[in-house]
Amino acid sequence: MVVADENLNKSGIRKVLESVRLVPFAFLYSFFCWFFELSFATVVGFTVLCVLILLFCENINNLFALVFFIAFFIRDISGINWTGYVVCIVVACASMIFYTVKTAVKRGGLRKGKMFYALLVADVAFLLGGAIGRFSLLQFGIVLGFEAAVMLLYILAINCTENLTEYLASLFIVGALFISAEIICVKIMDGDIFNGSPMGLVFFFSAHTMNTAAIFILLGMTGCYAMGVKKKYDLFFLLLALFFFFAIFLSCCRTVLAISGIVLAIIYVVMFVKTPDKIAYLCMSLVILGAAIIFAIIFKDYILEFIQMIIVKLNRGLNGRESLWPWCWQKFTEYPVLGYGFISSEAVPTVRVNLVLAHNTLLQWLTSLGVLGAAMMSLFYICKYKTLFKGHYTQKLFAVLSVLGIELSGMLDQAAAMDVFVFLLPLVILSGVERETAAEVPLEEFVSIGTERNFAELC
C-alpha cells in the first residue's frame, strides 16, 4: 500500500513537471524576480526545477524552457558575484550528465541524430580556432565546456522528448510574451515606450540584449503559425503574431524587424489559404487594418519619430560595423589558416568585452577559425539545411521559418554564431524535425554502450 502511494505521488509529480502548463508559472516567478532584480533567485529556482525534471521525468521537454529563457530573467551579468551562479551551473550540468548516462544504460544506447557528426566537425573547428600563434588554454577550456553542453542537450533533445515541435511552438509563444512584457516594462520605466534608440540599461535589460530578444520574439511569431494554421482559433494566433511584430518594433532591431516583416507576410498568406473560414479571416483582416490606421493616427508623432530614427540609422551606415568589420578582416589576414580565435588581446571596436563578435556569421568564422575552420563549418551548415529541407513533415514551414529567421539575423548580428543559446536553437528545432519524420530508427542510428562497433566509431 505504501509503495502504491509512493508510485502515485511520483506519477503526480512527474505529470506536473512534464506539463507544458508548468512553463508560464515558472516564467511568471522569474519575471517577478527579474522585475525586483533578484536574478540569483531565478537561477536557484530554475536549477531546482532542472534537477526535479531530470529526477522524475522521461519526457524532459521543459528542460529546454529553462535552458533557452533563463538568461532573459537575469539582469546584466557584468560585475556580479559568480560563486553562487557557478554552483548552480555545476549542479545543473552534473544532473544532465547523470540523467544521460542513466538513460543510455537503461535503453542500451542512445540515438546520435543526423547532426551528430556535423556537430563534431564544428566542435573540432571551434577548438582549433586560433591554435596557430594564439593558443589559449582558457579559450580552449571555455569552448570545450560550451561544446559539451550543446552536444549533451542535442542528444537529450533527440532521445528524451515527446512532441517536441508542438512543444517548441508553445514554448516560443509563452517566452515571447514574457520577453515582450519585459521590454515594455523597461521602456515605460525609461519614460518613453516608443524611444527609438534604446541605450544602457534599456538595451541590456537582461543577460541578453534587445537584439537577441528580437530573435526570440520572432520565434514567437513562427510559433503562432504552428499553433494556428488550419485551426479554429487561427485568427487569435494571427493577432498574437501581430502583437509580437509590434514588440519587435519596440526593440528597434532593424535586421530582425525586416526579417519578421517577411515572416509575418508569409504567415498571413499561408494561414489565409489554409483557414477553415476565409470570410471571417478577411473580415478580421479589415478590422485589424482599421485598428492599425486608428493607432497610427493616435500615435502619429511617435511613429514618425521612430521612422525618422530608422532613416537616421540607415544614413549612418553600419552602426559601428564599418570599424568592426575591417578589424575582423585584418585579424583574418594575420591568421588565415586557423584564425584569430574567440578571445581578443586588445579592445574590439564597438564591442564592450574582449570577445571577437563580428556581427556577421561568415566573417565570424573566417576571423575566429580561419579558412580551414570556416570550411569545416560549411559542412555543418550543409548538414543542417539538408536535415531541414529533406522530406515532408507536418510543421515544415514552422521549422524553416524559425531556422532561417535565426540564421538571417546573423548577417548583421552576433547571436546566431556566438550566443550559445541561439546557436543551440536550430539544433533543437531540427531534433523535433527528426523525431517527426523518423518512423523507424535504423540500427546504425544508435550509439551502443560497450560494443566493439561503438569503440571502433570512437577511434
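**Exercise 1. Describe the second largest pocket of this predicted model: its volume, its lining and the helices that supply the lining.**

Step 1. The volume of the second largest pocket is about 620 Å³.

Step 2. Its lining consists of 19 residues; Leu242, Phe245, Ile288, Ala292 and Phe295 lie nearest the centre.

Step 3. Three helices each supply at least two lining residues: α11 (234-251), α12 (254-274) and α13 (278-298). The largest share, 8 residues, comes from α13.

Step 4. Sorted by class, the lining has 18 nonpolar residues and 1 polar residue, with no charged residues.

**Exercise 2. Is Asn159 buried or exposed, and which residues does Asn159 touch?**

Step 1. Locate the residue: Asn159 belongs to helix α7, which covers residues 137-159.

Step 2. Apply the cut-off: a residue counts as buried under 20% relative accessible area. Asn159 has 8%, so Asn159 is buried.

Step 3. List the contacts, leaving out residues up to four places away in sequence: Asn159 touches Arg107, Leu110, Arg111 and Arg435.

**Exercise 3. Compare the radius of gyration of the protein chain with that of a compact globule, then describe the chain as a whole.**

Step 1. For 459 residues, a compact globule would have a radius of gyration near 23 Å; the protein chain has 23 Å, so the two agree.

Step 2. Along the principal axes, the C-alpha atoms fill a box of roughly 70 × 65 × 45 Å.

Step 3. The secondary structure comprises 20 helices and 2 strands.

Step 4. Of the 459 residues, 50% count as buried. The accessible surface is about 21,700 Å², and carbon and sulfur atoms hold 72% of that surface.

Definitions and conventions:
Residues are numbered from 1 along each chain as its sequence is written. This is a predicted model: local features need pLDDT of at least 70, side-chain atom pairs count only at pLDDT 80 or more; totals for chains, interfaces and linings use all residues. Side-chain values use heavy atoms; hydrogens and water are left out. On a 1 Å grid over the protein atoms alone, a cavity is a set of points where a 1.4 Å probe fits but cannot get out, and a pocket is an open set with protein on both sides within 12 Å along at least five of seven lines; lining residues have an atom within 4 Å of a point. Grid points are joined across faces, edges and corners, and a volume is the space filled by probe spheres set on the points. Helices (H or I, at least four residues) and strands (E, at least two) are DSSP runs, numbered from the N terminus. Ala, Val, Leu, Ile, Met, Phe, Trp, Tyr, Cys and Pro count as nonpolar, Asp, Glu, Lys and Arg as charged, and the others, Gly among them, as polar. Buried means under 20% relative accessible area, exposed over 50%, partly exposed in between (1.4 Å probe, protein chains only). Contact means heavy atoms within 4.5 Å. The radius of gyration is taken over C-alpha atoms; the globule rule is 2.2 Å times the number of residues to the power 0.38. Accessible areas come from the Shrake-Rupley method with a 1.4 Å probe; for residues, only the protein chains shown count as cover.
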